Structures are given as C-alpha cells and as structure tokens.
Amino acid sequence: GEIGMTDKDFPAFPRQHDKEGHNGMTLRDYFAIHGPEPTRQQVEDYMVGWTNRDTRLARSMLRYLEADAMLKARTA
C-alpha cells in the first residue's frame, strides 16, 4: 500500500481517480459486499439492546465486521 494508508483504505481496484476526488472502492468495501450474508440469528443477536430495530443497518454492520476480520486475516 501507499505510505499512511491502512488496509481499510487500500483500494480494491487501484487506479487514479483524482478528478472524481477518490481512488475507487476500498478493499474493505469489496469484502463487505462480497462476504457471507449474516444469518437471521446473527442479526437478531447483534441487535440485542437496540431501541431502533433496523435490521438493514445491523446486517450492514455485521458485513463490515466480517470484512474487518478478513482484512486482519490477510496480515496474520
């Protein structure tokens, strides 16, 4: 990666997008999109204590937790 970049910031498909103000999708985003779908039980367990029962938000957050684990596994 580039100096100062974390794995979370590293682009999945590196190329310069300076004109658009970004360098494309991050590897973390790619992993979150293509990782395993959380089960209904995982979503329910994750939302314990939530006052807002937003299953879409919980499902998305679980996908990013999985993506973070995948990034960590790359360096293990």
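Visitor: What makes the pair formed by the backbone oxygen of G35 and the side chain of R63 a polar contact?
Guide: This is a predicted model, and in it a polar atom of the R63 side chain sits 3.4 Å from the backbone oxygen of G35. The cut-off for N or O atoms is within 3.5 Å, so this pair makes it.

Visitor: Where is R63, and which residues does it touch?
Guide: R63 belongs to helix α3. Leaving out residues up to four places away in sequence, R63 touches A32, I33, H34, G35, P36, E37 and P38.

Visitor: Why is R63 called buried?
Guide: Buried means under 20% relative accessible area, and R63 comes in at 19%, so R63 counts as buried.

Visitor: Which other residues of α3 are buried, and what do they pack against?
Guide: Along with R63, the list has A58, L62, A67 and L71. The buried residues of α3 pack against α1 and α2, where α2 covers 40-46.

Visitor: How do you know that the reach of α3 is close to what's expected?
Guide: Helix α3 has 20 residues, and at 1.5 Å a residue the expected reach is 28 Å. From first C-alpha to last, α3 spans 29 Å, which is close to that.

Visitor: What makes D54 a cap for α3?
Guide: A side-chain oxygen of D54 lies 3.1 Å from the backbone nitrogen of R56, at the N-terminal end of α3.

Visitor: Which residues make up the largest nonpolar core?
Guide: Five residues: L27, F31, A32, A67 and L71. The elements that give two or more residues to this core are α1 (27-34) and α3 (55-74). The largest share, three residues, comes from α1. As a general pattern, nonpolar side chains in soluble globular proteins tend to be buried together.

Visitor: Why is the pair of Y46 and W50 called edge-to-face?
Guide: The structure holds one aromatic pair. The ring centres of Y46 and W50 are 5.7 Å apart, within the 6.5 Å limit, so they pair. Their planes meet at 65°, and over 60 degrees counts as edge-to-face, so that's the label.

Visitor: What makes T26 buried?
Guide: T26 is in the segment before α1. Its relative accessible area is 17%, and the cut-off is under 20%, so T26 is buried. The C-alpha atoms of T26 and P11 are separated by 4.1 Å, though the two are 15 residues apart along the chain.

Visitor: How many helices and strands does the chain have?
Guide: Three helices and zero strands, in the pattern α-α-α along the sequence. Buried residues make up 21% of the 76 residues.

Note on methods: Residues numbered from 1 in each chain as written. Predicted model: local features only at pLDDT ≥ 70, side-chain atom pairs only at ≥ 80, totals over all residues. Heavy atoms only, no water. Helix = DSSP H or I, 4+ residues; strand = E, 2+ residues; numbered from the N terminus. Buried < 20%, exposed > 50% of the residue type's maximum accessible area, 1.4 Å probe, protein only. Core = buried A, V, L, I, M, F, W, Y, C linked by side-chain atoms within 4.5 Å. Expected span 1.5 Å × (residues − 1). Contact = heavy atoms within 4.5 Å. Polar contact = N/O pair within 3.5 Å; in protein donor to acceptor, adjacent residues only side chain to side chain. Phe/Tyr/Trp six-rings, centres within 6.5 Å; stacked < 30°, edge-to-face > 60°.
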